[in-house]
Amino acid sequence: MDEFNIVLAGVGGQGILLASEILGTAAVKEGLNVRVSEIHGMAQRGGAVVSNVRIGDKVLAPTVLEGKADVLLGFEPLETLRNLKFASEKTLVLMNDETVPPTELMRTMKKYPSLNEITEKIHRFTRKLIVVKAADLALKAGNILTRNAALIGALAATGNLPVKVESLEEALRELVPAKYLEVNLKAFKLGFEAVGENKSSRF
Amino acid sequence: MRLSNEGENPLPNLRVLLSDEPRKRVLLLGNEAIARGILEAGIGVVTTYPGTPASEIGDSVSAIAEEAGLYMEYSTNEMVAVEVAAGVVNCGVRALTAMKHVGLNVAADAVMTLAYIGVRGGYVIVTADDPQCYSSQNEQDNRFYALLSNLPCLEPSTPQEAKDMTVSAVELSEELGLPVLLRTTTRVNHTRGPVVYGNLTKPKLKGEFVREPSRLVMVPANARPMHVKLLEKAEKAEEISEKSPYNTVVCKGNGELGIICSGSAYNYAAEATSLLGLDVGILKLGMTHPLPERMIGEFLKAYKKIVVVEELEPYLEMNVKAIAKDYAPTVEIYGKMRRSYFPRKGELSTRAVVTGLAEITGKKPPIDFGEIDSKYAEAVKDLPSRPPILCPGCPHRASFYVIRKVTGGKAVYPTDIGCYALGFAPPLSIGDILICMGSSVSTAQGINKATGVDTVAVVGDSTFFHAAIPGLVNAVYNNHKVTLAVLDNLTTAMTGHQPHPGTGTTGMHTTATKVLIEKVAEGCGVKYVRVVNPFNIDEASRVLKEAVQYPGPSVVVFRAPCTLMLMSEKRRKGIKTVPCRVTDRCTNCMACIKLLGCPAIIIKDGKVSIDETLCTACGLCASICPYKAIECGGS
């Protein structure tokens with residue numbers, strides 16, 4: 001495999017860096033070459049966060065080229081839109097429907113766009129869109145902070161990733177602190193089932 | 001990132017860095033790879049001041065230092081960090097100091113003359129540059145510090161190289177008797193990639209100080225001959241550069257086009273040429289000071305056209321053009337001088353390199369970027385921005401509210417480097433000028449001198465110790481009227497909660513004497529010094545008013561712990577947080593939203609509401625609500 005590109009986008013505090021590391025670790029476990037690119041710093045919470053995971057023999061650059069994402073994993077709808085430049089008609093967009101309204105909207109009394117408007121914009125780039133209720137799944141698992149595990153599970157169920165489900169689970173076991181492991185594994189499973197049950201959403 | 005902080009930050013178990021399994025292959029962040037390199041190089045002492053994108057080097061070492069048997073410290077600032085290490089390496093013990101690029105400005109005074117003195121134990125100075133200013137006030141290119149100081153410079157392009165070069169830098173340092181700069185960029189520091197381990201070397205912690213005044217005491221009579229020695233060492237370094245395995249022709253191509261690049265730029269150049277289907281030669285430079293003149297000269301001779309691909313300033317291009325004059329005066333050289341094929345600002349990307357190379361070669365890029373741009377621009381039109389903001393529950397929000405309320409927005413508010421720099425944005429709007437670490441208190445004095453307007457300078461706790469004290473002494477000595485608001489959240493928050501002189505703990509997780517900001521201020525001769533809790537709005541306002549009216553310099557310490565730290569501790573202790581609640585007394589006046597900009601206060605179905613998952617129950621909104629319509633119960 002030459003390259004497989006994943007763009008993860010969301011809001012600081014949603015667990016994007018850990019999700020990226022899980023994907024990267026799973027790739028290394030399978031002996032694959034990988035680059036995971038993150039931006040740390042300025043915002044501890046609340047700012048837009050993007051991370052790139054690139055897997056494959058030819059991968060050198062840490063960042064994904066415009067139009068070349070195989071997967072856009074959106075942790076938040078507005079941030080998913082903000083990263084559509086990486087998408088093409090080949091891109092699978094897997095999006096959490098949980099909205100985090102930017103404070104600018106509150107101050108200017110503007111409305112958060114509807115899910116329909118967001119979907120329409122994503123469809124301009126690709127028809128391959130799966131919407132996941134990751135926050136509900138995380139809460140069902142027992143902790144809202146496991147939405148990242150739920151999303152990784154959902155992504156694994158699409159069968160699109162170049163790494164095995166077992167490697168992802170193994171990476172999760174390695175990276176998540178012991179006392180949070182069980183709830184994360186549960187969220188991963190719920191995410192996997194949520195997409196797995198809906199066969200029509202497979203690509 | 002630190003083990004002591006697990007629970008809050010569920011990131012990797014850094015014990016993987018300690019593994020004594022050579023050839024083990026693991027996924028490491030560039031900064032973690034440097035930490036592994038420290039263990040493989042047998043470095044005994046690591047000093048640092050945290051700063052993005054370098055912070056995780058020190059943090060990773062702090063997490064494992066005791067077990068690895070080495071000493072690390074968070075020094076007060078980068079200059080102190082270099083000076084401590086200068087003592088260490090001149091006793092024959094190996095050391096590394098890590099800092100962000102602007103930290104080297106602070107340390108430069110020490111570094112420039114340490115270059116004359118040299119080292120006995122290997123010494124590496126990591127300078128982490130930040131093209132694109134992801135988390136910095138400028139994007140200076142620190143390769144020029146290598147040129148300025150005559151120190152060797154290595155530039156990794158991947159986490160693997162970051163680790164390997166840390167080890168090589170120590171060897172090079174000992175071979176030459178010089179400190180070595182390891183220059184990284186954000187995309188190396190903050191990229192994870194596979195790293196294959198080498199052997200661990202047991203760190204040596206104890207050395208011996210040998211009196212050698214002619215080498216170590218840089219009075220003019222000694223400095224002159226040591227400058228000559230430095231220039232001799234630089235010549236020797238150039239010979240090493242000619243043979244360095246890090247300077248290498250990666251591929252030869254068909255002789256038409258040759259690319260010269262270094263660091264992260266290599267990654268983009270390699271992918272860009274492959275995308276464009278170009279059969280090029282690539283000279284990848286990992287040791288970028290001194291440059292291998294003969295090697296570059298021979299490379300220039302072998303091609304019709306040369307393209308220099310590098311991030312930020314045309315450092316390589318200037319040198320390559322000078323070398324071309326002697327070796328290949330007719331070769332065409334493309335880069336960013338005179339005509340700019342690549343951007344001189346911001347970070348490079350595969351796209352930027354594809355675009356530049358396409359222009360030079362006349363090849364058509366395989367991707368229509370223009371089409372993507374216009375389609376994208378259409379899709380994100382009117383998309384609200386999401387800049388970094390103060391966290392819900394951040395005590396700085398309360399401090400800014402108080403400062404604004406007391407001064408009515410009429411004072412000038414110089415600010416400083418830290419989370420609180422985010423206070424410049426509406427609605428808090430406290431932050432009128434920001435230059436560098438510690439600048440607020442001094443800049444305020446100049447503004448007051450020039451205008452007579454009241455100034456309230458803002459500085460954080462860690463930054464106060466780092467660089468604000470001389471400015472405060474200046475205010476006392478020259479009797480400047482300035483109020484310094486020290487926003488003390490008891491940690492170095494923005495870079496990941498490192499300890500500092502005021503926290504009572506060290507990088508080795510031992511307890512330390514707390515250096516109290518209020519005592520320092522009193523010791524500096526400030527007559528009006530008070531400590532307040534920013535969440536106690538009335539008391540804090542009364543004190544700040546007094547401080548601003550005080551005829552000479554005054555200091556108010558707004559002290560309350562960083563909310564992330566506080567929440568993490570509550571979770572650890574199993575204390576539940578009961579979020580604040582908007583009651584039916586709410587008139588939707590929006591005062592809370594308009595005055596505080598807290599991300600936990602949202603509008604739901606047209607009504608002010610509180611996001612329970614974000615609210616930390618700090619109570620600020622409850623205490624400023626004009627209708628007492630927000631209830632903030634116990635926690």
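Tutor: In the interface, 49 residues of chain A are in contact with 52 residues of chain B, a contact being two residues whose C-beta atoms, placed from the backbone, lie within 7 Å. The model is a predicted one, in which local features need pLDDT of at least 70 and side-chain atom pairs count only at pLDDT 80 or more, while totals for chains, interfaces and linings use all residues. Residues are numbered from 1 along each chain as its sequence is written, and chains are lettered from A and ligands numbered from 1 in the order in which they are written.

On the chain A side, at least two residues each come from helix H1 (16-29), strand E2 (34-37), helix H2 (77-82), helix H3 (103-108) and helix H4 (115-125). Helices (H or I, at least four residues) and strands (E, at least two) are DSSP runs, numbered from the N terminus. By class, this side of chain A has 25 nonpolar, 12 polar and 12 charged residues. Here Ala, Val, Leu, Ile, Met, Phe, Trp, Tyr, Cys and Pro count as nonpolar, Asp, Glu, Lys and Arg as charged, and the others, Gly among them, as polar.

Strand E2(A) is also part of a sheet that includes strands of both chains. Its 8 strands follow the order E6(A)-E5(A)-E4(A)-E1(A)-E3(A)-E2(A)-E8(B)-E1(B), and the sheet is open with mixed pairing; two strands pair if DSSP finds at least two bridges between them. Strand E6 (129-132) of chain A and strand E1 (25-29) of chain B are the edge strands, each pairing on one side only. From one strand to the next the twist averages 20 degrees. Axes are lines fitted to C-alpha atoms, for helices over the stretch in contact, and angles run from 0 to 180 degrees between N-to-C directions.

The link between the chains in this sheet consists of 2 bridges from E2(A) to strand E8 (residues 191-196) of chain B, and the two strands run antiparallel. Within E8(B), Thr191(B) is the bridge partner of Ser37(A). Towards chain A, E2(A) is joined by 4 bridges to strand E3 (residues 48-55), again antiparallel, and Val34(A) stands opposite Ile55(A).

H6(A) touches strand E4 (71-74), strand E5 (92-96) and E6 of chain A, and its direction makes about 150 degrees with that of E5(A). Helix H1 (residues 30-40) of chain B touches E1 and E8 of chain B, at about 115 degrees to E1(B).

A residue is buried if 20 or more other C-beta atoms lie within 10 Å of its own, exposed if 12 or fewer, and partly exposed in between.

The largest nonpolar core has 265 residues, and those with the most contacts inside it are Ala150(A), Leu151(A), Val126(B), Ile260(B), Ala269(B) and Ile601(B). Such a core is a set of buried Ala, Val, Leu, Ile, Met, Phe, Trp, Tyr and Cys residues joined through C-beta atoms within 7 Å. Leaving aside neighbours within four places in sequence, Ile601(B) is in contact with Met106(A), as well as with residues of chain B including Cys592(B), Leu596(B) and Ile610(B).

Chain B has a further open sheet of 7 strands, in the order E3-E2-E4-E5-E7-E6-E12 and with mixed pairing. Its edge strands are strand E3 (71-74) and strand E12 (287-289), each of which pairs on one side only. Strand E6 (residues 153-154) and strand E7 (residues 180-185) of chain B run parallel and are joined by 2 bridges, with Leu182(B) as the bridge partner of Leu154(B). Helix H3 (residues 78-89) of chain B lies across strand E2 (45-48), strand E4 (95-100) and strand E5 (123-129), at about 170 degrees to E4(B). Helix H4 (residues 101-117) of chain B lies across E4 and E5, at about 130 degrees to E4(B).
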